[in-house]
Amino acid sequence: MKPTLFVLAAGMGSRYGGLKQLDGLGPSGETIMDYSIFDAIRSGFGKVVFVIRKDFEADFRVKILSKYENHIPVEVVFQSLDKLPDGYVCPAERTKPWGTNHAVLMGKDVIKEPFAVINADDFYGRRSFAVIGEALSGLAGKKNDYCMVGFRVGNTLSESGSVARGVCETNREGFLTSVVERTAVERIDGKIRFTDEQGEAVVLDENAPVSMNMWGFTPDYFAWSETYFKTFLQANEGNLKSEYFIPLMVNELVTKGVAQVKVLDTTSKWFGVTYAADRQGVVNKIRALIDAGEYPEQLF
């Protein structure tokens, strides 16, 4: 059974200033998603599922989905504030999306095989898809046995400002022991650091593994996520900005010993358009990869 690629494409890029998921950055107007899909196809994935918002479905189908006809099967699911468990109602004042793990839950009715989760606006690189594709191919029929691609933090920074990263701790066998979302990771005076809950600066090693939301799950993850989402909603009642992140869910399962997550190392260099100022740099990096023979001039 071939794994599925699940692409999180519902978010507006507030810092970027628009729908960066639909921004053409390749020489033939390719989006970052196009490169991810291309890498997934050649890494053995059998289907792509996108989670988007209903309000830009028409634009998305014309600009994105039409490219993949005759290349790989695709499906679309929708994330919205009112998609909550029975008995829960979205506060009328809430405008912020529920977060990445809520987006993952939107795929529970259409994904029945091992699957990888990625962000639409992150460029992960060919080797990362090959690594996670191979790992997922060995998870068919298993439960509570997950994986993630652990990028080296020094390969994931933006030159335009701080970034959010899931900082990971692993045991000797390479399994995840904790992942904590840090929202202001940046290089200062040559050192990579973030500020912890006590306001103290923490320095990270260049090769410290971080999550770039490139996760590998089996379908049982949906049931865990739905159960814990109810707990999350109860704990955050009245908090209009609380978000249900993937690392929050994974950390819950790992620290309680419910599941194990193998951290897959990659030397791939992440890049993306966190800020508008990042755009030209991404265009240049894609051009360099094409010139090096990593990608064709036109993908589809």
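## Cysteines, helix H4 and selected residues

A search of the whole structure finds zero disulfides, a disulfide being a pair of cysteine sulfur atoms within 2.5 Å. Cys147 is in no disulfide, and the nearest cysteine sulfur, that of Cys168, is 13 Å away. From the side of Cys168, the closest cysteine sulfur is in Cys147, and that distance is too far for a bond.

This is a predicted model, in which local features need pLDDT of at least 70, side-chain atom pairs count only at pLDDT 80 or more, and totals for chains, interfaces and linings use all residues. Residues are numbered from 1 along each chain as its sequence is written, and side-chain values use heavy atoms, with hydrogens and water left out.

The table lists residues with their class.

| Residue | Relative accessibility | Class |
|---|---|---|
| Cys147 | 3% | buried |
| Cys168 | 5% | buried |
| Arg165 | 5% | buried |
| Asn70 | 83% | exposed |
| Asp189 | 76% | exposed |

Helices (H or I, at least four residues) and strands (E, at least two) are DSSP runs numbered from the N terminus. Helix H4 comprises twelve residues, 126–137, and should span 16 Å at 1.5 Å a residue; its end C-alpha atoms are 17 Å apart, which agrees. The expected span is 1.5 Å times one less than the number of residues.

Ser128, Phe129, Ile132, Gly133 and Leu136 are buried in H4. They cover an arc of only 125° around the axis, which puts them on the same side of H4; the arc is that of the directions from the helix axis to the C-beta atoms. An α-helix has 3.6 residues a turn, so residues three or four places apart point the same way. The buried residues of H4 pack against helix H1 (32–42) and against strands S1 (4–8), S4 (115–119), S6 (145–152), S11 (209–217) and S12 (260–266).

Arg165 is found in strand S7 (residues 163–170). Beyond its neighbours within four places in sequence, Arg165 is in contact (heavy atoms within 4.5 Å) with Thr156, Val180, Glu181, Arg182, Val185, Val210, Ser211, Met212 and Trp270. Val179 lies 14 residues from Arg165 in sequence and 9.4 Å from it in space, C-alpha to C-alpha.

Asn70 lies between helix H2 (57–63) and strand S3 (74–78), and Asp189 between strand S8 (176–188) and strand S9 (191–195).

How values were computed:
Buried < 20%, exposed > 50% of the residue type's maximum accessible area, 1.4 Å probe, protein only.
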